[in-house]
Structures are given as C-alpha cells and as structure tokens.
Amino acid sequence: MKLHLPDPEATRAIGLKLGRSLPAGTTLLLEGELGTGKTSLVQSLGEGLGITDAIVSPTFTLINEYLEGRVPLYHLDLYRLKSDQVSDLYLENYLEGLEVPLGIVAIEWADRLPQRPDAYLKIQLSYEGAGRSLQILSCGPLEFNLDALT
C-alpha cells in the first residue's frame, strides 16, 4: 500500500490510525532518509495510543519506553549503530515481550537490523514532490488489516 502525504497533518492522521488500531506484538520497521517523517509518524502513533508524554527521537538513548498508553510503545533508533552493535540491545525482549510487557515496537533506521523479525510492517517514507509518500508492506503473519488506514 502506498499513500501520498501532502503535509505533516496527513502523516499525523496515519500515525493516529495506527496507534488506535495496531495490536500489542506489532513491530514497525521504519526506513527513509533524514527528515522524511519517521519520528513524526511515531509521535502521532503514540498520540493514537493515548500516550501523553512527549515522544522524542531516541537517537542518543537508543530506546525510549512509553508504558502508559493503550498498549506500551517501544521506540528505537538505530541511526548511530552498526549492524553488529544492534544485538547488544537485546531486541527480543521487546519483540517477544520477554522482560517487558508486549507492546508496539517502532524501529527507526531498521535497515541496520542484522536480522528481521518473523512478522512486521515495513514502513518506507520518502520525499515526493512538496510532500512525502509512505509505503507499507506487511511481512509475515500479522493481526492487522492495512485497509484500516484508508
């Protein structure tokens, strides 16, 4: 599915829909150049989940946890890491709910993952004219219907 996002409000609307409808256990792999709206999408996703804390980019902290929404949100940013450093984050704890409650895992710069989870939504953001485009690909067995976004 590909969507045109003419302005920041269109990105916010998609994020709100995701936050209101994604089940716990969903992994979002976000890819795109700097400034294409990855963090903005996660911020509105958090808003849709009912998270009231400010959602900020975890570029330097690597992982931000937001536990007070409809389901927890784990926001990761791999921008500063090399693929071989990602294993030090113990992502399986977040992806499988091993030591934290199962929630939604949103990973920016997911191209740095040495291995992808069994099921995820790949969200590719890119520049398109004056706006942006968002392409979503469902990979593996997921409990989410992409038609909920239209």
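Is proline 72 buried or exposed? In this predicted model, proline 72 is buried, with a relative accessible area of 11%. That value falls in the buried class because the cut-off is under 20%. Proline 72 sits in the loop between strand E3 (63–66) and strand E4. Setting aside residues up to four places away in sequence, proline 72 touches Tyr66, Leu67, Pro101, Leu102, Gly103 and Ile104. Leucine 30 is 42 residues from proline 72 along the chain, and the two C-alpha atoms are separated by 18 Å.

Ile104, a contact of proline 72, belongs to strand E5 (residues 104–108). Five of the five residues of E5 are buried, so the strand is largely enclosed by the rest of the structure. Both of its faces are covered. Ile104, Ala106 and Glu108 are buried on one side. Val105 and Ile107 are buried on the other. E5 pairs with two strands, E2 and E4. With strand E2 (residues 27–31), the pairing is parallel and runs over four bridges. Here threonine 27 has valine 105 as its bridge partner in E5. With strand E4 (residues 73–77), the pairing is again parallel, over five bridges. Leucine 73 is bridged to isoleucine 104 of E5.

Helix H2 (38–49) packs against E5 through its buried residues. Nine of its twelve residues are buried, so H2 is largely enclosed by the rest of the structure. The buried set consists of Lys38, Thr39, Leu41, Val42, Ser44, Leu45, Gly46, Gly48 and Leu49. Besides E5, these residues pack against H1, E2, E4, E6 and E7. Glycine 50 follows H2 and has a positive phi, near 90°.

At 1.5 Å a residue, the 14 residues of H1 should span 20 Å, and its end C-alpha atoms are 20 Å apart, which agrees. Buried positions in H1 are Ala10, Thr11, Ile14, Gly15, Leu16, Leu18 and Gly19. They pack against strand E1 (2–5), H2, strand E6 (120–128) and E7.

Pockets were examined next. Rolling a probe the size of a water molecule over the atoms shows where empty space is left. The largest pocket has a volume of about 490 Å³. It is lined by 22 residues. Those nearest its centre are Thr27, Leu95, Glu96, Pro117 and Asp118. Thr27 is also the residue bridged to valine 105 in E5. Helix H3 (residues 92–96) gives the most to this lining, with three residues. By class, the lining holds twelve nonpolar, five polar and five charged residues.

The second largest pocket contains about 250 Å³ of space. Its lining comprises 21 residues, of which Gly35, Thr36, Gly37, Lys38 and Ser40 are the closest to its centre. Lys38 is among the buried residues of H2. The largest share, three residues, comes from H2. This lining divides into seven nonpolar, nine polar and five charged residues.

Methods: Residues are numbered from 1 along each chain as its sequence is written. This is a predicted model: local features need pLDDT of at least 70, side-chain atom pairs count only at pLDDT 80 or more; totals for chains, interfaces and linings use all residues. Side-chain values use heavy atoms; hydrogens and water are left out. On a 1 Å grid over the protein atoms alone, a cavity is a set of points where a 1.4 Å probe fits but cannot get out, and a pocket is an open set with protein on both sides within 12 Å along at least five of seven lines; lining residues have an atom within 4 Å of a point. Grid points are joined across faces, edges and corners, and a volume is the space filled by probe spheres set on the points. Ala, Val, Leu, Ile, Met, Phe, Trp, Tyr, Cys and Pro count as nonpolar, Asp, Glu, Lys and Arg as charged, and the others, Gly among them, as polar. The expected span of a helix is 1.5 Å times one less than its number of residues. Buried means under 20% relative accessible area, exposed over 50%, partly exposed in between (1.4 Å probe, protein chains only). Contact means heavy atoms within 4.5 Å. Two strands pair if DSSP finds at least two bridges between them.
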